[in-house]
Amino acid sequence: MKRRDFLKTAAIAGAAAAAGSTVIGCSSPSIYNVNRLGSARMKLSWNPYEIELRHTFTVSSFSRKTTPDVQVKIEFDGYTGYGEASMPPYLGHTVESVCAFLEKVNLEQFADPFCMEDILAYVDSISEGDAPAKAAIDIALHDLVGKLMGQPWFRLFGYDAAKAPATSFTIGIDTPEVVREKTQEALGLYKVLKVKVGMDSDKEMIETIRSVTDVPLVVDANQGWKDKYQALDMICWLHERGVQMAEQPMPKEMLDDIAWITERSPMPIFADESIQRLADVRRIKGAFSGINIKLMKCTGMSEARKMIDYARAEGMKVMMGCMTETSCAVTAAAHLSPAVDFADLDGNLLISNDLFKGVTVEDGLLRLPSGPGLGLNPL
Ligand code: MG
């Protein structure tokens with residue numbers, strides 16, 4: 001579906017769950033006068049969308065050209081909040097599973113969108129998994145509440161937008177000619193490049209990029225190294241070539257081996273596949289130096305913020321990552337980026353059919369939109 005068709009039809013597509021008879025309200029008054037229209041209720045709707053990638057995307061375990069996605073809206077009293085579920089196939093979620101989850105959600109039982117903790121706890125209680133579908137609701141709810149309050153989320157969180165970090169830009173695994181070309185394209189636009197490693201071609205990839213530029217690099221092995229000695233050797237070799245951190249060096253369950261690497265590594269080691277939600281931070285905290293938080297894994301902005309605070313309390317570093325997503329979910333993650341050490345928020349830059357203008361990259365740095373909510377403008 002083309003983006004304009006989506007924007008036209010999304011308002012009528014999808015079906016809000018049947019209205020419940022009990023209305024759950026907050027006990028404290030909000031800035032917004034929820035009683036002024038009396039019977040205003042939140043209406044949830046959604047629409048499947050296929051994200052098209054600019055280039056075929058290759059990591060150590062697979063390649064792909066599209067990503068399934070579901071765009072979500074929550075409407076309330078003339079305001080619309082936008083959300084999104086992106087489902088890279090390797091995580092096991094599908095358009096069907098996301099839509100089946102959204103069918104079960106009844107937001108009409110809540111008096112207004114401000115009871116976010118109650119609403120999100122209810123949404124989380126519907127099933128064990130379904131993190132992308134839960135994230136879509138969380139993101140739309142944040143957008144809606146920010147619009148009702150007339151403020152962008154970085155401000156509601158209390159963050160300084162000027163502290164939003166540089167985002168890394170991913171150079172996929174490819175032939176030396178293509179890697180050289182992609183690196184040349186990225187130079188000038190980005191201050192940090194991310195390289196997917198974990199294959200036999202690792203050293204060739206890095207040396208090809210280093211033949212073009214000396215910008216800081218970060219690497220992501222996506223569980224690709226299977227032996228801790230080999231992984232540590234590579235990490236030391238990479239560090240000598242200006243690599244600043246490494247993500248997920250070994251398979252997610254090999255925490256003892258990863259802890260051994262982290263203890264000896266000259267650069268920080270971040271968990272990605274080993275961590276999904278808040279409760280995982282405690283489980284992996286001794287094995288990694290930091291965590292990669294992604295909204296599609298952790299159920300959204302509310303839990304992401306709790307993960308940032310908990311990781312900080314444990315003395316860990318934090319990065320915000322993303323899947324291939326439209327600017328909707330990437331902008332939602334970007335509102336949390338002033339609080340993190342590394343940002344890998346290039347998912348919207350890798351796609352050819354974005355639906356929104358939101359966060360942008362200027363001189364390599366994330367620039368947060370100042371409009372209320374997520375600050376998105378539909379394209
Ligand atoms: Mg990763």
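Donors are N, O and S atoms within 2.8 Å of the metal. In this predicted model, the magnesium ion is coordinated through the OD atoms of Asp220 and Asp272 and the OE atom of Glu247, at 2.1 to 2.2 Å. Along the chain, the donors of the magnesium ion follow the spacing D-x26-E-x24-D. Asp220 belongs to strand β6 (residues 217-220), whereas Asp272 is found in the loop between β8 (269-271) and α10 (278-284), so the pair ties together parts that are 52 residues apart in sequence. Buried residues are those under 20% relative accessible area. Asp220 is therefore buried, its relative accessible area being 1%, and Asp272, with a value of 3%, is likewise buried.

The strands β6 and β8 also take part in an open sheet of eight strands, which has the order β4-β5-β6-β7-β8-β9-β10-β11 and parallel pairing. At the edges of this sheet are β4 (168-171) and β11 (342-343), each of which pairs on one side only. Within the sheet, β8 runs parallel to strand β9 (residues 290-294), and two bridges join them. Ala271 has Ile291 in β9 as its bridge partner. Helix α12 (residues 301-313) packs on the sheet, where it touches β9 and β10 (317-321); the direction of α12 makes about 175° with that of β9.

The largest nonpolar core comprises 116 residues, of which Val70 and Leu295 touch the most other members. Helix α4 (residues 131-149) supplies the largest share of this core, namely 10 residues. When residues up to four places away in sequence are not counted, Leu295 touches Ala135, Ile139, Gly300, Met301, Ala304, Met320, Ala329, Ala332, Ala333 and Leu336. Another core, of seven residues, lies apart from the largest one; among its members are Val192, Met245, Met319 and Phe342.

Helix α4 also contains Lys147. With a relative accessible area of 18%, Lys147 is buried, because the limit for this class is under 20%. The contacts of Lys147, not counting residues up to four places away in sequence, are with Tyr79, Thr80, Gly81, Tyr82, Pro372 and Gly373.

Terms used. Residues are numbered from 1 along each chain as its sequence is written. This is a predicted model: local features need pLDDT of at least 70, side-chain atom pairs count only at pLDDT 80 or more; totals for chains, interfaces and linings use all residues. Side-chain values use heavy atoms; hydrogens and water are left out. Donors are N, O and S atoms within 2.8 Å of the metal (3.2 Å for Na, K and Ca); water is not among the atoms, so sites may look incomplete. Helices (H or I, at least four residues) and strands (E, at least two) are DSSP runs, numbered from the N terminus. Buried means under 20% relative accessible area, exposed over 50%, partly exposed in between (1.4 Å probe, protein chains only). Two strands pair if DSSP finds at least two bridges between them. Contact means heavy atoms within 4.5 Å. Axes are lines fitted to C-alpha atoms, for helices over the stretch in contact, and angles run from 0 to 180 degrees between N-to-C directions. A nonpolar core is a set of buried Ala, Val, Leu, Ile, Met, Phe, Trp, Tyr and Cys residues joined through side-chain atoms within 4.5 Å.
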